[in-house]
Amino acid sequence: MRALLSMFLLLALSACVNNFDKYYSANGTTPTPYNTLPPSGDIKIISVSQKKGKETLYKMLENGYSYIGNSSFNGELGDETQLKTVAKKVGAELVVYATAMTDKESKTFALSTPDTQTTYHSGSFNDYSSGYSPTYYSGTSTTYSSKTTYIPYTVTNYDQEAMFFAKKRPGGLGLYVRDLTKEQRKQVNSNMGAFVTVVVKDSSAFRANIMQDDILLGIRDVPIKDAQHYVELARKEIGQKKVPITFWRDGEIYTLYVDIDDYDFSDLKPQS
């Protein structure tokens with residue numbers, strides 16, 4: 001009984017270590033009232049296989065969430081309470097949790113218990129003061145020590161990744177882009193441009209029919225050098241109308257005139 005209790009206490013103590021918090025890494029996008037909306041309701045947790053992690057990331061971005069950080073490690077499975085603790089701490093509204101079992105590990109737990117030994121003594125001796133009649137005696141002696149028992153148990157380890165998201169404040173063009181690969185530069189016959197990885201649903205770009213896998217070439221006739229340059233140019237056009245955006249799609253070059261949404265901060269204004 002004592003062994004089982006000690007084992008339970010050991011496992012409970014190990015479960016208290018929140019590895020999601022220990023290994024959390026911010027994505028560089030710190031949630032503020034100006035770039036994300038405050039969490040609404042309970043924190044949502046979506047569990048997926050590790051193979052679906054990247055696919056689910058893009059889906060969350062399409063649905064208007066901002067990726068704010070992640071935590072990845074190998075070890076025993078965490079739990080929802082630990083995930084929600086970190087999500088609340090970093091301002092996340094949704095967590096995508098991906099796992100894949102890697103191995104089983106045999107371990108031993110050293111349990112020390114008291115080892116008390118009692119020795120019983122008895123005998124007789126002649127008592128000459130009472131006419132040589134024998135006198136009998138008995139007694140005990142106790143030795144205090146401890147013994148160690150090694151209890152085996154098995155731990156199942158998993159690769160685990162938790163991706164934390166906050167709801168993005170609507171506004172701007174609504175695109176996620178990356179730099180061109182070597183092959184994409186050859187496709188467009190240019191070293192410049194930015195590849196569209198995600199189009200946010202119901203954004204300015206979504207309504208204008210800019211699509212995933214398009215290659216952005218210019219904004220207002222200014223050539224886009226790379227992904228970072230696109231961000232700088234697009235930021236200047238927030239709230240503007242009929243902004244010409246040139247892009248490459250399936251071997252053809254197109255120009256669309258896009259009304260780019262301004263950000264709505266009405267929820268941050270003091271109530272009169």
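Phe20, Tyr23, Phe73 and Tyr97 come together as one aromatic cluster. Keep in mind that this is a predicted model.

**Aromatic pairs**

- The count of aromatic pairs comes to 8.
- Take Phe20 and Tyr97: the ring centres sit 5.5 Å apart with the planes at 80°, and since edge-to-face means an angle over 60 degrees, that's what this pair is.
- Phe20 belongs to helix H2 (residues 19-22) and Tyr97 to strand E4 (residues 94-127), so this pair ties together parts that are 77 residues apart in sequence.
- Phe20 is buried, at 0% relative accessible area, and Tyr97 counts as buried too, at 9%.
- Tyr67 and Phe165 make a tilted pair, with 5.6 Å from centre to centre and 40° between the planes.
- Here the partners come from strand E3 (Tyr67) and strand E5, residues 133-167 (Phe165), so the pair links parts that are 98 residues apart in sequence.
- Tyr67 and Phe165 are both buried.

**Nonpolar cores**

- The largest nonpolar core holds 21 residues, and the ones with the most contacts inside it are Leu173, Leu175, Val177, Leu216, Ile219, Tyr230 and Ile245.
- At least two residues of this core come from each of E6, strand E7 (194-199), strand E8 (215-219), H7 and strand E10 (243-249).
- H7 is the top contributor to this core, with 4 residues.
- If you leave out residues up to four places away in sequence, Leu216 touches Leu175, Val177, Gly193, Ala194, Val196, Ile210, Ile224, Tyr230, Ile245, Thr246 and Phe247.
- There's also a second, separate core of 15 residues, with Phe73, Leu83, Ala162 and Phe164 among them.

**Largest pocket**

- The largest pocket has a volume of about 750 Å³.
- It's lined by 24 residues, and the closest to the pocket centre are Lys168, Leu175, Tyr176, Val231 and Tyr263.
- Two or more lining residues come from each of helix H3 (53-62), strand E3 (65-75), strand E6 (175-179) and helix H7 (227-236).
- H7 gives the most to this lining, with 4 residues.
- By residue type, the lining splits into 13 nonpolar, 8 polar and 3 charged.

**Where the topics meet**

Terms used:
Residues numbered from 1 in each chain as written. Predicted model: local features only at pLDDT ≥ 70, side-chain atom pairs only at ≥ 80, totals over all residues. Heavy atoms only, no water. 1 Å grid on protein atoms, 1.4 Å probe; cavity = no way out; pocket = protein on both sides within 12 Å on 5 of 7 lines; lining within 4 Å. Points joined across faces, edges and corners; volume = space filled by probe spheres on them. Nonpolar A, V, L, I, M, F, W, Y, C, P; charged D, E, K, R; others polar. Core = buried A, V, L, I, M, F, W, Y, C linked by side-chain atoms within 4.5 Å. Buried < 20%, exposed > 50% of the residue type's maximum accessible area, 1.4 Å probe, protein only. Contact = heavy atoms within 4.5 Å. Phe/Tyr/Trp six-rings, centres within 6.5 Å; stacked < 30°, edge-to-face > 60°.
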